[in-house]
Amino acid sequence: MVSGARLRYASNSPATLPVTIPMSDTTLTLQSLAAPILRSVPEAVICCDLQGIIRVWNPGCEKVFGWSAAEALGQSLDLIIPERMRKAHWEGFDAAVARGGVKSGRAAMITRALHKTRESIYVDMSFEMVRDAQGQLLGSVAVARDATQRYTEEKALRKQLAELTAAKS
């Protein structure tokens with residue numbers, strides 16, 4: 001086994017990956033790595049087509065949102081979008097499709113999502129549009145992690161700080 005082996009992708013561009021691979025297997029393609037990577041990352045990785053239909057749902061999604069891949073694949077993103085946020089979501093989604101991308105400078109953001117239990121959760125989520133090799137827009141990808149505990153703890157700390165500040169005045 002070789003750690004951090006020098007690899008060449010199918011495009012022949014060199015890349016150094018922090019992976020351990022058998023010495024005899026020195027040619028990996030993005031295609032051969034994509035599925036194992038998606039299965040391995042703890043974050044939820046969701047990919048949808050241009051109509052907002054879920055096409056990729058990794059094991060991290062099941063941990064964050066509760067739905068299995070069998071339940072989520074082929075469903076609308078509405079599966080995880082709270083009812084009161086759907087109009088704004090779809091307006092933003094349609095604008096990103098029309099623009100051909102998300103607004104520049106958009107970093108990850110904490111937003112509300114819907115768990116299978118119908119419980120509202122907070123997720124730290126980032127988005128990007130997905131294109132094929134020819135530049136044709138295919139859909140979007142989002143990476144998310146559950147931020148409910150962190151968000152509620154920070155909210156409680158902000159409230160406590162506000163109360164302490166008000167008491168000093």
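## The nonpolar core

Which residues have the most contacts inside the largest nonpolar core? In this predicted model, they are I46, W57, F65, L77, I80 and V123, and the core has 22 residues. At least two core residues come from each of β5, β6 (54-57), α2 (59-65), α4, β8 (120-131) and β9 (137-146).

Leaving aside neighbours within four places in sequence, L77 is in contact with I46, C48, G52, I54, H89, W90 and F93. I46, one of these contacts, is itself listed among the core residues with the most contacts.

## Two aromatic pairs

The structure holds two aromatic pairs. W57 and F65 make a tilted pair, with 5.7 Å from centre to centre and 40 degrees between the planes. Both partners are buried: W57 has a relative accessible area of 7%, and F65 has 0%.

In the pair of W90 and F93, the ring centres are 5.2 Å apart and the planes stand at 75 degrees, so this pair is edge-to-face. Helix α4 (residues 86-99) holds both W90 and F93, which are three residues apart, or about one turn of the helix. W90 counts as buried because its relative accessibility is 19%, with the cut-off being under 20%. F93 is buried too, at a relative accessible area of 7%.

Now for the strands. Five of them form an open sheet in the order β6-β5-β9-β8-β7, with antiparallel pairing. β6 and β7 (109-114) are the edge strands, each pairing on one side only. From one strand to the next, the twist averages 35 degrees.

β5 and β9 run antiparallel and are joined by six bridges. Here A44 has A144 in β9 as its bridge partner. Helix α5 (residues 148-168) lies across β7, β8 and β9, and runs at about 125 degrees to β8.

## A closer look at E43

E43 sits in the loop between α1 (30-40) and β5 (44-49). Not counting residues up to four places away in sequence, E43 touches N58, G60, V143, A144 and R145. A144 in this list is also the bridge partner of A44.

What joins the side chains of E43 and R145? It is a polar contact of 2.5 Å. As for N58, the C-alpha atoms of E43 and N58 are separated by 8.5 Å, and the two residues are 15 apart along the chain.

Key: Residues are numbered from 1 along each chain as its sequence is written. This is a predicted model: local features need pLDDT of at least 70, side-chain atom pairs count only at pLDDT 80 or more; totals for chains, interfaces and linings use all residues. Side-chain values use heavy atoms; hydrogens and water are left out. Helices (H or I, at least four residues) and strands (E, at least two) are DSSP runs, numbered from the N terminus. Contact means heavy atoms within 4.5 Å. A polar contact is a pair of N or O atoms within 3.5 Å; within protein, one must be able to donate a hydrogen and the other to accept it, and residues adjacent in sequence count only if both atoms are side-chain atoms. Rings of Phe, Tyr and Trp (its six-membered ring) pair if their centres lie within 6.5 Å; planes under 30 degrees apart count as stacked, over 60 as edge-to-face and the rest as tilted. Buried means under 20% relative accessible area, exposed over 50%, partly exposed in between (1.4 Å probe, protein chains only). A nonpolar core is a set of buried Ala, Val, Leu, Ile, Met, Phe, Trp, Tyr and Cys residues joined through side-chain atoms within 4.5 Å. Two strands pair if DSSP finds at least two bridges between them. Axes are lines fitted to C-alpha atoms, for helices over the stretch in contact, and angles run from 0 to 180 degrees between N-to-C directions.
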